[in-house]
2 protein chains.
Amino acid sequence: MKHRAQAGNAELESQKARSKLEDNAVPKVGMEPIRRQQLINATMTAINEVGLADATVIRISRHAGVSAGIISHYFGGKDGLLEATMRQILHDLGTAVSERRRTLTDTSPRAHLSAIIDGNFDSSQVNASAARTWLAFWASSVHKPELQRLQYVNDRRLYANLCHQFRRLMPRDEARDCARGMAAMIDGLWLRGALSPEGLDVAGARRVALEYLDRLIRDYNG
Amino acid sequence: MKHRAQAGNAELESQKARSKLEDNAVPKVGMEPIRRQQLINATMTAINEVGLADATVIRISRHAGVSAGIISHYFGGKDGLLEATMRQILHDLGTAVSERRRTLTDTSPRAHLSAIIDGNFDSSQVNASAARTWLAFWASSVHKPELQRLQYVNDRRLYANLCHQFRRLMPRDEARDCARGMAAMIDGLWLRGALSPEGLDVAGARRVALEYLDRLIRDYNG
DNA sequence: CGTTTTATATTGAACGTGCAATCAACAAAA
DNA sequence: TTTTGTTGATTGCACGTTCAATATAAAACG
């Protein structure tokens, strides 16, 4: 398992350096996890470059350095790849958040809440590829039940986490509004970052979000 | 001018009632503004129904009760129609905001700011068609220069309006952060409303946004 | 007033393009 | 020999655009 993962990383790192000939000449076994990861990364790269509408299977597979047929082979089709890509992004977000919360020494509500905020602005999330892919999935999830389900689960998790921490500080109804507001603030900063040609100003976004957090809890806890 | 506009409304209102035969039998002059509006409305309806990716010219034109060729005739092509649709939405938003600010009796910063908030949650903006069309354009504006330009202008206008009002209450740097935060809050509530299957809870969104506003200005002005 | 001419409005079949998916063929590893 | 990995030409389909054809409204004319 460890070895395979390392081999995968090595493959990925040298992906651009390898020529097509080398690639053709070395069909090894155990490629599936490597290829899947390559294709997911290539999908984000392609969406960042030309948008979801023009991210064709040929374009994506070229970015991954493989042929187009591979996508159907490993993901059953383009839709499967897009779904896997969204899963990856959601998974990375979940990891970024829970990792920060796990390593907290301070267990106060404020500490948890700021860890949630920081996790949402983690570098794995705010780079141009991830941000624009997020945005594309937001838009298309509205009309694709499977993506909608993924988006909904993620959304509820963020809200529930926020609500639970605010609940430690204030009555239920107030906590609900605070969680609503905080979730909207995070998504809004995110959205504006994805739309901005310069990308998200992480420091600025964190400052605004944390200041909002402090205003929300000022009346209840220092 | 007045007559033509009224004829246009009459056309629009009876749009669904008229049969194709009637339609074919009555090619009148002065149809351009009517058709343009019909097609823009049909575009939003189609995007609401199946998303931007599946909003084909045939689907849109069927919604408008005309043939597909008309789109190229009046808008030069599908892209022209999409651009005109985004322009319409931005125009409606601008109108909703400036109308509320124009009729203010109270000229305090808080009154202006809450008018801006209310305008952004105006009924012309928060219905499912408009909200989902907004979302679709957000995503595609990233890769289409003309849509990006429109989106950017609108964005700066909101930010500048917010900043100007906050500036009346506090120093420049603080006002900037407040405007940043308020803009993110509005967009975030909007985004979450567009993603939610139940649509935007306008009353709840206004409450959260206004409460945030009051927290921001509490230290400076009652 | 009736008739011809011109301008405007609209259709829908035809066309070319570009896409995702398929699959026969091949290559290396086990 | 079987399993796993990969290619790329082929296929079929759906899309946006074009344009010849048609039909009415308005204008010009006698």
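The model is predicted.

**Stop 1: chain A**

Chain A holds 12 helices and 0 strands. Follow the chain along its sequence, and the pattern reads α-α-α-α-α-α-α-α-α-α-α-α. Now colour by burial. Of the 222 residues of chain A, 37% count as buried. Then look at contacts in chain A with a separation of 6 or more: residues 24 or more positions apart account for 62% of them.

**Stop 2: both copies**

Which rotation superposes chain B on chain A? A rotation of 180° does, with 0.0 Å of shift along its axis and an RMSD of 0.1 Å. The two copies are therefore related as by a two-fold rotation axis. To find that axis, select B:Gly188. Its C-alpha is the nearest to the axis in chain B, 1.8 Å away. The same surface serves both copies, since 97% of the contact residues of chain B recur in chain A.

**Stop 3: a helix crossing between the chains**

Select helix H12 of chain A, residues 202-218. Angles of 65 to 115 degrees count as roughly perpendicular, so H12(A) is roughly perpendicular to H11(B).

Show side chains next. On H12(A), the contact is made by A:Gly204, A:Val208 and A:Tyr212. On H11(B), pick B:Asp177, B:Arg180, B:Gly181 and B:Ala184. The residues of this contact of H12(A) with H11(B) divide into 3 nonpolar, 2 polar and 2 charged.

**Stop 4: DNA strand C**

Select DNA strand C and the residues around it. There are 27 of these residues. Which come nearest? They are A:Thr56, A:Gly69, A:Gly77, B:Ser67 and B:Gly69.

- In chain A, they are helix H4 (57-64), helix H5 (69-75) and helix H6 (78-102).
- In chain B, they are helix H2 (20-25), helix H3 (32-50) and helix H5 (69-75).

Zoom in on H5(B). This helix gives the most to the surface near DNA strand C, with 3 residues. Finally, colour the surface by residue class. The residues near DNA strand C divide into 12 nonpolar, 9 polar and 6 charged.

Terms used:
Residues are numbered from 1 along each chain as its sequence is written. Chains are lettered from A and ligands numbered from 1 in the order in which they are written. This is a predicted model: local features need pLDDT of at least 70, side-chain atom pairs count only at pLDDT 80 or more; totals for chains, interfaces and linings use all residues. Axes are lines fitted to C-alpha atoms, for helices over the stretch in contact, and angles run from 0 to 180 degrees between N-to-C directions. Helices (H or I, at least four residues) and strands (E, at least two) are DSSP runs, numbered from the N terminus. Angles under 35 degrees count as roughly parallel, over 145 as roughly antiparallel, 65 to 115 as roughly perpendicular and the rest as oblique. Two residues are in contact if their C-beta atoms, placed from the backbone, lie within 7 Å. Ala, Val, Leu, Ile, Met, Phe, Trp, Tyr, Cys and Pro count as nonpolar, Asp, Glu, Lys and Arg as charged, and the others, Gly among them, as polar. Copies are superposed by least squares on the C-alpha atoms of residues with pLDDT of at least 70 in both. A residue is near a molecule or strand if its C-beta atom, placed from the backbone, lies within 6 Å of it. A residue is buried if 20 or more other C-beta atoms lie within 10 Å of its own, exposed if 12 or fewer, and partly exposed in between; C-beta atoms are placed from the backbone.
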